[in-house]
Amino acid sequence: VFNVVHGETKNHGLKKRLEGTHTNLKWGLEFHEKIGEGGLGEVWRGHIVAGHDIHEIAIKVSKREKDSLNSLRKEAHIAGQLKHDDIGQILLYEEIKERGMIIMDYITGKDLSKIIERHTDLGLRMPQKFSAFISWVCCETLRYAHQAKVYDEKGRNVIGVLHRDISPGNIIINNFGSPKLLDFGIGILSSDLEDSNINTQIAGKLGFIAPEILDPEIIERKKIDQRIDIYGLGMVMDYLARGKNPLLEAVKQSSGKLEAIVEIKEILKKGIRPLEKDAEGINEEYAKIIKKAIKINRKDRYSSAFNMKEDIRKYLFDGGYGPDRDRLKKYIDLIYTTGLLRYLNALKEGENNIKIPIELRNKIEHAKNLMPYMVKNGKFCLET
């Protein structure tokens with residue numbers, strides 16, 4: 001066992017002796033429960049165990065098929081080069097018995113699809129300011145990825161990574177209120193766009209895939225670019241505002257993937273159901289940002305994540321509102337508080353003298369002080 005102590009040392013002789021040293025470290029990998037599964041592999045929660053130290057991790061394991069292994073290997077190569085606080089970090093990549101394993105930080109929290117499900121159960125809408133804050137953070141994360149200096153599998157220096165799968169399930173709000181972008185499983189480098197097949201691949205989750213990917217003729221033989229991620233994030237913002245995806249809502253439940261794609265393409269030609277019909281009272285400035293991000297013609301969308309971020313910043317901050325991670329954390333804690341659903345149902349039924357659980361009452365009072373912009377006539381108001 002070799003112990004490495006990080007930090008500066010005055011012992012330059014020790015440093016010289018360590019340079020070029022190769023050491024086999026003794027550590028174990030424990031698998032606990034499966035937390036996800038897809039076409040190319042599984043995700044497990046586990047621990048790295050080294051001596052008395054235990055580090056909680058997530059482990060993404062490929063299938064034994066060559067395509068699955070190659071996909072995971074590429075994901076590790078791409079995502080492993082991205083070092084950003086709001087991107088799930090890859091720690092190690094290993095191949096054992098024809099299966100690849102990505103070992104990454106385990107992020108405790110809830111993804112946006114689960115958060116919207118909770119709002120639906122409560123009969124609430126996600127507050128626009130919080131939706132905008134999440135989107136603002138994601139714009140900065142995409143700006144970093146789209147401009148990241150990385151190298152491809154041939155060792156060439158390239159600039160830019162496309163995620164290609166921006167969707168609610170891949171954005172998680174951790175327990176500290178920080179939005180994190182996950183899963184670069186189908187991500188590509190800018191150099192991959194030299195492959196003509198990349199431009200015609202239908203990659204991503206239905207309802208969040210850019211029109212030029214669903215219908216390659218739209219791109220007129222031009223390469224796809226970062227605007228596919230802009231569209232994906234725009235559709236996530238639309239989803240948060242409506243509480244549902246307008247494209248998937250209009251697709252028949254019995255439709256297979258190919259049939260669903262045909263139906264979605266038809267809906268896009270006719271135009272998506274107006275945002276204001278499902279998100280009554282939405283701020284005009286915020287609605288304008290969403291609509292620009294999801295324009296059918298990519299030339300009409302934001303040209304970069306930075307430009308989109310700037311418009312969201314103006315909406316959020318120029319009016320004096322200062323969203324932050326702590327307020328987002330407190331809000332999510334509030335909507336998951338035991339007794340809130342019973343309390344809201346009682347209000348809807350017109351019950352008088354409702355007894356509010358102490359924990360819920362305390363959180364509401366704290367929220368009133370922390371989020372005065374949600375207080376109306378002395379009462380803390382959730383969006384319905």
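E56 counts as partly exposed, at 31% relative accessibility. Here buried means under 20% relative accessible area, exposed over 50%, and partly exposed in between (1.4 Å probe, protein chains only). E56 forms a salt bridge with R45, with the closest N and O atoms 2.9 Å apart. A salt bridge is a side-chain nitrogen of Lys or Arg within 4 Å of a carboxyl oxygen of Asp or Glu. E56 lies in strand β3 (residues 53-62) and R45 in strand β2 (residues 41-50), so the pair ties together parts 11 residues apart in sequence. R45 counts as buried, at 17% relative accessibility.

This is a predicted model: local features need pLDDT of at least 70, side-chain atom pairs count only at pLDDT 80 or more, and totals for chains, interfaces and linings use all residues. Residues are numbered from 1 along each chain as its sequence is written, and side-chain values use heavy atoms, with hydrogens and water left out.

**Salt bridges**

The whole structure holds 30 salt bridges. Three of them are listed here.

| Pair | N to O distance |
|---|---|
| E56 and R45 | 2.9 Å |
| K74 and D192 | 3.0 Å |
| K363 and E359 | 3.5 Å |

The K74 and D192 side chains meet in a salt bridge. This pair links distant parts of the chain: K74 sits in helix α2 (residues 66-79), and D192 in the loop between β12 (188-189) and α5 (211-214), 118 residues apart. K74 is partly exposed at 24% relative accessibility. D192 is buried, with a relative accessible area of 17%.

K363 and E359 both lie in helix α14 (residues 358-370), four residues apart, about one turn of the helix. K363 is partly exposed at 27%, and E359 is partly exposed at 45%.

A network of salt bridges links D238, R242, K244, R273 and D278.

**The whole chain**

The protein chain has 14 helices and 14 strands. Helices (H or I, at least four residues) and strands (E, at least two) are DSSP runs, numbered from the N terminus. The radius of gyration is 23 Å, close to the 21 Å that the globule rule gives for 384 residues, so the chain is as compact as a globular protein of that length. That radius is taken over C-alpha atoms, and the rule is 2.2 Å times the number of residues to the power 0.38. The C-alpha atoms fill a box of roughly 75 × 55 × 45 Å along the principal axes. Of the 384 residues, 46% count as buried.
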